[in-house]
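Open the model in a viewer and keep the selection tool at hand. The stops below are given in the order in which to select them.

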Amino acid sequence: LSDKDKNLYLDVSLAATKMTTSQLAEIQTKANEITAGAVSDYDKAQKIHDWISDNIYYDFDGLATGNFVYSAYSVYISRKSVCQGYANLATAMLRSIGIPTATLSGKSIFVASEWWDTVTDPNVTSHAWNAVYADGRWFFMDTTWDSGNRYEDATWKKGAVTQYFFDPAADKFALDHRTLSIPYSFGVSYQTHVQDVGWQSY
């Protein structure tokens, strides 16, 4: 992603978001409420990151049955989803207040003993996160991995919120995240194949 790409990731149309005008307005109102008092786009992005990580729960029950929601508005209303839903909600909230954001899909390493040269399926998508353009640059954030919340056994289990994966150093992020696609929209299947710069070195 480059500076010239940023306007491609501001689309809040129905085709891009799968949200109605009223649903988008509701998301935008909440995003403005969350970011009240923040001056820079970077600070706004951090507030949105923290709110999502604190208020959305990873849907382990849905993951087990295949019955989960991941559209931005559905996640906002239900307060639970899988990684795709976390990322889609972040994209919707940030775009709604004029901050270019992409929902990225890719491969992540969950096991500490695993390494890129030992992964048997490095090109199979297993995770989603975001790239955000704020204060003149792109950076990564992963609201899923910064949330300790779990919806499991029909129980809401509150966990800790961290900022380990908010604007991490790109080389460190590439240790366990590999981007495979950057769709302009997050409600349709238009994708561009890319790889994180430097991931192969680690």
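Select D135 first: its relative accessibility is 52%, so it counts as exposed (exposed means over 50% relative accessible area, buried under 20%, partly exposed in between, with a 1.4 Å probe and protein chains only). The model is predicted, so local features need pLDDT of at least 70 and side-chain atom pairs count only at pLDDT 80 or more, while totals for chains, interfaces and linings use all residues. Residues are numbered from 1 along each chain as its sequence is written, and side-chain values use heavy atoms, leaving out hydrogens and water.

D135 sits in the loop between β4 (127–134) and β5 (137–141); helices (H or I, at least four residues) and strands (E, at least two) are DSSP runs numbered from the N terminus. Its phi is near 55°, a positive value in a residue other than glycine. Most residues other than glycine have a negative phi.

D167 is not a glycine either, and has a positive phi of about 55°.

Now select α2 (residues 21–34) and, within this helix, Q23. At 21% relative accessibility Q23 counts as partly exposed. Which residues does Q23 contact, leaving aside its neighbours within four places in sequence? They are K18 and Y73, where contact means heavy atoms within 4.5 Å. Q23 and Y73 are 50 residues apart in sequence, but 6.7 Å apart from C-alpha to C-alpha.

Show the whole of α2. Its 14 residues reach 20 Å from first C-alpha to last, close to the 20 Å expected at 1.5 Å a residue (1.5 Å times one less than the number of residues). Colour L24, I27, K30, A31 and I34, which are buried. They lie on the same side of α2, because they cover an arc of only 125° around the axis, taken from the directions from the helix axis to the C-beta atoms. The face turned away from this buried side carries the exposed residues T21, S22, T29 and E33.

Finish with α3 (residues 41–55) and α6 (residues 83–96), which pack at an angle of about 145° with their axes 10 Å apart. Axes are lines fitted to C-alpha atoms, for helices over the stretch in contact, and angles run from 0 to 180 degrees between N-to-C directions. Select K44, A45, I48, W51 and I52 in α3, which meet Y86, L89, A90, M93 and L94 in α6.
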